[in-house]
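Hello,

Here is the structure I said I would pass on. My notes on it follow below.

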Amino acid sequence: MQIRFVFCLVFLLYSQTSHAQSEGGLSLSSVSPFPVGFAVDPVLLKSDRVFRELFIKHGDGLTATNSMKPSRIIREKGRYHFEEADALIDFAVKNNKRVHGHTLVWFNESAPRWLKEIRDSATLENNLREYIRVVGEHFRGKVKSWDVVNEVFDDLAGDVRIADYNEKGAALLNLGGVLGKDYAARMFQYAHQADPEALLFYNDYGQETNPGKLNHIIRMVKDFKARGIPIHGLGIQMHINIDTPESGIEKVIASFAATGLQVHISELDVSMNTGKTKQFRPGAAQFLQQKQKYRFVVETYRRLVPASQQYGITTWGVGDKDSWIPQFCNCSDFPLLFDQEYQPKPALEGYFEGVGTK
Ligand code: XIL
């Protein structure tokens, strides 16, 4: 009896060790002092075992790639669809992962068409307030934090975005134009009413190379603080490429840390195809540059953001197979930590080195 027990124990320990080794050793979450996040799509989570296992192994938390956007939750007026997001949250709870909500308000072309058609400011405001109330209450206690408003500022003047269409002619939700330049403050107030416990973030992209936008964000934070508008964190999307200047990355991280708010690198990926060509295939030089960039971002985050303000680093996907970039740039690209077959890339080593374990 005893011999059989010992045999079972030895077998169990052996099989666990070999399993861990076959997965490639250390996990990011076990060595990282800050929470490691990934953007996760529930369909992929269900259908792709390797994707799921890599996320469970390396991640402390998730952001829904699309499932918690208004484009999914309220495509038709008055009909809320929570199934996808709820499944994701069940999965997160079972696996003890943190959930970051993304995003309550977004101007982008994917916004529901019926919302984009509203031209009357009071009607739009009421619809958004109601949306934030219903969604905030639905996820109360399950979502630790929210990106309340995504991408308020435009790329040219860096001021509040006022546009009915994007450069490709697709209709946008003209938040600034219909609601006025101060709309974001009110959205934060609505979010706080809907879920007083949730940490509320402002999220944006391109601050590394757009000082005007960076200044506008900092000014907005100071203004919010002066007026007592609830804001707890800033998201740096950090969709960068292998040539993005290190000085720009340092500047945004340092400026955001100086606000005293939580700092989340919220959608990290490092594009290699700077020429955006369709046939691009990376060589050893690009893999190395990508690795160095990941290491630099992680190391700089640790160096410049006080530990108490490190909300975490989230990469926008797990492997190149699930990256959004190729579709967005209509080119080939390989911006993530794992490759098309979910094998680790030099970029992953760079991340580990930035964390300081290798
Ligand atoms: C992207 C998703 O990854 C795509 O699947 C979708 O088609 C478009 O949106 N900034 C953001 C994210 O805040 O929500 C975007 O996600 C990527 C850019």
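Asn 330 is found in the loop between helix H14 (325-329) and helix H15 (346-355); helices (H or I, at least four residues) and strands (E, at least two) are DSSP runs, numbered from the N terminus. The phi angle of Asn 330 is near 55 degrees, a positive value in a residue other than glycine.

Before the rest, some ground rules. This is a predicted model, in which local features need pLDDT of at least 70, side-chain atom pairs count only at pLDDT 80 or more, and totals for chains, interfaces and linings use all residues. Residues are numbered from 1 along each chain as its sequence is written, and side-chain values use heavy atoms, with hydrogens and water left out.

Confidence

pLDDT is the predictor's confidence in each residue, from 0 to 100. The protein chain averages 93, and 93% of the residues score at least 70. Over residues 1-23 the pLDDT is below 50, and this stretch has 4 contacts in the model beyond near neighbours in sequence (contact means heavy atoms within 4.5 Å). Confidence is lowest in helix H1 (residues 2-22), with a mean of 40, and highest in strand E8 (residues 262-271), at 99.

The whole chain

The secondary structure comes to 15 helices and 9 strands. Along its principal axes, the C-alpha trace spans about 75 × 50 × 40 Å. The radius of gyration is taken over C-alpha atoms, and the globule rule is 2.2 Å times the number of residues to the power 0.38. For 358 residues a compact globule would come out near 21 Å, and the protein chain has 21 Å, which agrees. Buried residues make up 54% of the 358; buried means under 20% relative accessible area, exposed over 50%, and partly exposed in between (1.4 Å probe, protein chains only). Of the contacts with a separation of 6 or more, 76% are between residues 24 or more positions apart.

The core and helix H10

A nonpolar core is a set of buried Ala, Val, Leu, Ile, Met, Phe, Trp, Tyr and Cys residues joined through side-chain atoms within 4.5 Å. The largest one has 102 residues, and those with the most contacts inside it are Phe 139, Trp 146, Met 187 and Tyr 351. Helix H10 (residues 183-194) gives the most to this core, with 8 residues.

Which residues of H10 are buried? They are Tyr 183, Ala 184, Ala 185, Met 187, Phe 188, Tyr 190, Ala 191 and Ala 194. The buried residues of H10 pack against several elements, including strand E3 (98-106), helix H8 (121-138) and strand E4 (145-150). Met 187 touches Val 105, Glu 125, Leu 128, Ile 132, Val 148, Val 149 and Leu 179, not counting residues up to four places away in sequence.

Single residues

The peptide bond from His 102 to Thr 103 is cis, with omega near 0 degrees, and Thr 103 is placed in strand E3.

Glu 151 sits in the loop between E4 and H9. Its phi is near 60 degrees, again positive in a residue other than glycine. Glu 151 counts as buried because its relative accessibility is 8%.

Lys 144 lies in the loop between H8 and E4. Is Lys 144 buried or partly exposed? Lys 144 is partly exposed, because its relative accessible area is 44%. Leaving aside neighbours within four places in sequence, Lys 144 is in contact with Arg 98, Val 99, Glu 197, Ala 198, Leu 199 and Tyr 311.

Regards
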